[in-house]
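Thanks for coming. I'll take one structure today and walk through how its parts are put together.

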Amino acid sequence: MPLFKTNAIVIRSLNYGESDKIITFFTTDFGRLKGIAKGARRSRKRFQNALGLFSHLRLIFFDKEGMGLVRAESCDILHSFPKIKEDLKKILYGNYYLELVNEMAGEREENREAFELLLSFLSNLESTEPQEEQLRLFEIRMLSLFGYHPNMKRCELCKRDWEDLKECPTVFFSFEKGTMVCERCSKAWNHLVPFSLGTARLIEKVSQLELPKIQRLRFTLQALSESREILPKFINYQLGKEMKSLKALRGIEANLSSHLPLSPGGRGTG
Ligand SMILES: [Zn+2]
């Protein structure tokens, strides 16, 4: 059986039988790859506890025919992201990143940019406090990288662009068509949500910017609330399902905010 090497991030990990694990990896060279790690729960030598969620590793695997499960032979940990695993909010953010990749990535379809993006967001989560912008930035970039890029540049129907629409800054988004329409044309379609031209421009900007620059972007409160209304629902619509980890995150956040006083010097000056 041919032997392969690649860098990988563990995006799902399930115990299987007495001592094995079924792992879904997101890899630099093969995109999403599902494999079995025989004896992973016994053999510390070969897998060094490397197969937990979020682990970034150098993977060696056997592949019979380029079909079905590969057989993980060994792996060396590059980053285990211990601080993510110690903090409930970080775990929830990280789980959402992994779930999005797992749902969007094609089996054995290489997407190096998406790999670099996931690694960069995990590294950022490891070293900084989770901020809601991060979720939205990740969603925007992943939508683009996996071919779901929404049209935020001009009205889909009359083709007027940002410049032409300056006078009427409220526009609408169609989840079904993944596009913006202007107020005048909005009568033609159903199931639209209103949002501002400013947020449309921001989403477009985020999808174009170089990776190192996007981590520093801050949203206004309006952009944050509008993008929260649009992006997760657009993803649900495109994938035909709700992301479980985002639902869990929202549940925990609602719970926390009902027990903690609002801090006056907190975020939101955007
Ligand atoms: Zn229009």
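This is a predicted model: local features need pLDDT of at least 70, side-chain atom pairs count only at pLDDT 80 or more; totals for chains, interfaces and linings use all residues.

The protein chain has 270 residues, and 34% of them count as buried. In terms of secondary structure, there are nine helices and eight strands. Taken along the principal axes, the C-alpha atoms fill a box of roughly 65 × 45 × 30 Å. One more overall number concerns contacts between residues at least 6 apart in sequence: 62% of those join residues at least 24 apart.

Now the barrel. Five strands make a closed barrel, in the order S1-S2-S3-S5-S4, and the pairing is mixed. On average, and ignoring direction, neighbouring strands here are turned by 50° against each other. As a reminder, strands of a sheet pair through backbone hydrogen bonds, either parallel or antiparallel.

Start with strand S1, residues 3–16, which pairs with S2 in the antiparallel sense over eight bridges. These two strands form a hairpin with three residues between them, and in the turn Gly17 has a positive phi of about 60°. Strand S2, residues 20–27, is mostly covered, with six of its eight residues buried. Thr27 stands opposite Gly31 in S3.

Further along, strand S4, residues 56–62, and strand S5, residues 70–79, run antiparallel and are joined by seven bridges. In that pair, His56 is opposite His79 in S5. Helix H3 packs on this sheet, where it touches S1, S2 and S3, and its direction makes about 110° with that of S1.

Val10 is found in strand S1, and its bridge partner in S2 is Phe25. Is Val10 buried or exposed? The cut-off for buried is 20 or more other C-beta atoms within 10 Å. Val10 has 22 within that distance, so it is buried. Leaving out residues up to four places away in sequence, Val10 touches Ile23, Phe25, Leu51, Gly52, Leu53, Phe54 and Ser55. For a sense of distance across the chain, Val10 and Cys182 are 172 residues apart in sequence and 42 Å apart in space, C-alpha to C-alpha.

Next, the core. Which residues touch the most other members of the largest nonpolar core? That core has 70 residues, and the ones in question are Phe25, Phe26, Tyr97, Val101, Ala114 and Leu118. Helix H3, residues 88–104, gives the most to this core, with eight residues. As for Tyr97, its contacts beyond neighbours within four places in sequence are Leu118, Phe121, Leu122 and Phe138.

That brings us to two helices, H4 at residues 112–127 and H5 at residues 132–145. Their axes come within 10 Å and cross at roughly 170°. H4 and H5 are therefore roughly antiparallel to each other. By class, their contact has six nonpolar, two polar and two charged residues. On the H4 side these are Glu113, Ala114, Leu117, Phe121 and Asn124, and they meet Gln134, Phe138, Arg141, Met142 and Leu145 in H5.

Strand S6, residues 170–174, pairs with S7 over four bridges in the antiparallel sense. Within that pairing, Phe173 has Met180 in S7 as its bridge partner.

How values were computed
Residues are numbered from 1 along each chain as its sequence is written. Axes are lines fitted to C-alpha atoms, for helices over the stretch in contact, and angles run from 0 to 180 degrees between N-to-C directions. Angles under 35 degrees count as roughly parallel, over 145 as roughly antiparallel, 65 to 115 as roughly perpendicular and the rest as oblique. Two residues are in contact if their C-beta atoms, placed from the backbone, lie within 7 Å. Ala, Val, Leu, Ile, Met, Phe, Trp, Tyr, Cys and Pro count as nonpolar, Asp, Glu, Lys and Arg as charged, and the others, Gly among them, as polar. A residue is buried if 20 or more other C-beta atoms lie within 10 Å of its own, exposed if 12 or fewer, and partly exposed in between; C-beta atoms are placed from the backbone. Two strands pair if DSSP finds at least two bridges between them. A nonpolar core is a set of buried Ala, Val, Leu, Ile, Met, Phe, Trp, Tyr and Cys residues joined through C-beta atoms within 7 Å.
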